[in-house]
Amino acid sequence: MMSFSLCNNLIAQEINEQAQIMNDIQCISTTQSSLQMQSEQLGVPSNIQVQSGLSKIALTWDAVAEAEGYEIEINGADIISVEEPSYVHNVVFEEKTYTYRIRAINGIGK
């Protein structure tokens, strides 16, 4: 009886250890998958079109797959967030140069 009980305890312990190992492997796999997803960068906005009018500049570009929105940096400082692949910069002045940087964003990153 004693050896049977000991054998059952060892089998139970081995099963628990295997379950813990499988759980650890699953956690590692999930973590690696998350890291891989986070390291994947979004595409870059392309085909940027600019139209200027009286006191405004309109920007449009092709949508980026997986993007939830876009950030537009104006003259290296102002950052505007938009959901659609377009932006109208109102209140611009003649004889002033404007520089724009556009990047796609989502819940994972930029």
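Strands β3 and β4 run antiparallel and are joined by 5 bridges. Strands here are DSSP runs marked E of at least two residues, numbered from the N terminus. Two strands count as paired if DSSP finds at least two bridges between them. The model is predicted, so local features need pLDDT of at least 70, side-chain atom pairs count only at pLDDT 80 or more, and totals for chains, interfaces and linings use all residues. Residues are numbered from 1 along each chain as its sequence is written, and side-chain values use heavy atoms, leaving out hydrogens and water.

Now look at the turn. The hairpin of β3 and β4 has 3 residues between the strands. In this hairpin, Asn75 takes a positive phi near 55 degrees.

β3 has another partner. Strand β6 (residues 100–105) pairs with β3 in the antiparallel sense, over 6 bridges. Across from Glu71 stands Arg103 of β6.

How many residues of β3 are buried? The count is 6 of 6, so strand β3 (residues 69–74) is mostly covered. Buried means under 20% relative accessible area, exposed means over 50%, and partly exposed lies in between (1.4 Å probe, protein chains only). Gly69, Glu71 and Glu73 point one way. Tyr70, Ile72 and Ile74 point the other way. Residues on both sides are buried.

Next, go to Glu84. This residue sits in the loop between β4 (78–82) and β5 (86–90). Is Glu84 buried or exposed? Glu84 counts as exposed because its relative accessibility is 52%. Glu84 touches Trp61 and Tyr70, leaving aside residues up to four places away in sequence. A contact means heavy atoms within 4.5 Å. Tyr70 belongs to the buried residues of β3. Glu84 and Gly69 are 15 residues apart in sequence, yet their C-alpha atoms are 6.4 Å apart in space.

Two further residues have a positive phi. Which strand holds Asn47? Asn47 is found in β1 (residues 46–53). Its phi is about 55 degrees, although Asn47 is not a glycine. Asn47 is partly exposed because its relative accessible area is 46%.

Glu66 lies in the loop between β2 (56–62) and β3. Its phi is near 75 degrees, again positive in a residue other than glycine. With a relative accessible area of 64%, Glu66 is exposed.

How values were computed: Helix = DSSP H or I, 4+ residues; strand = E, 2+ residues; numbered from the N terminus.
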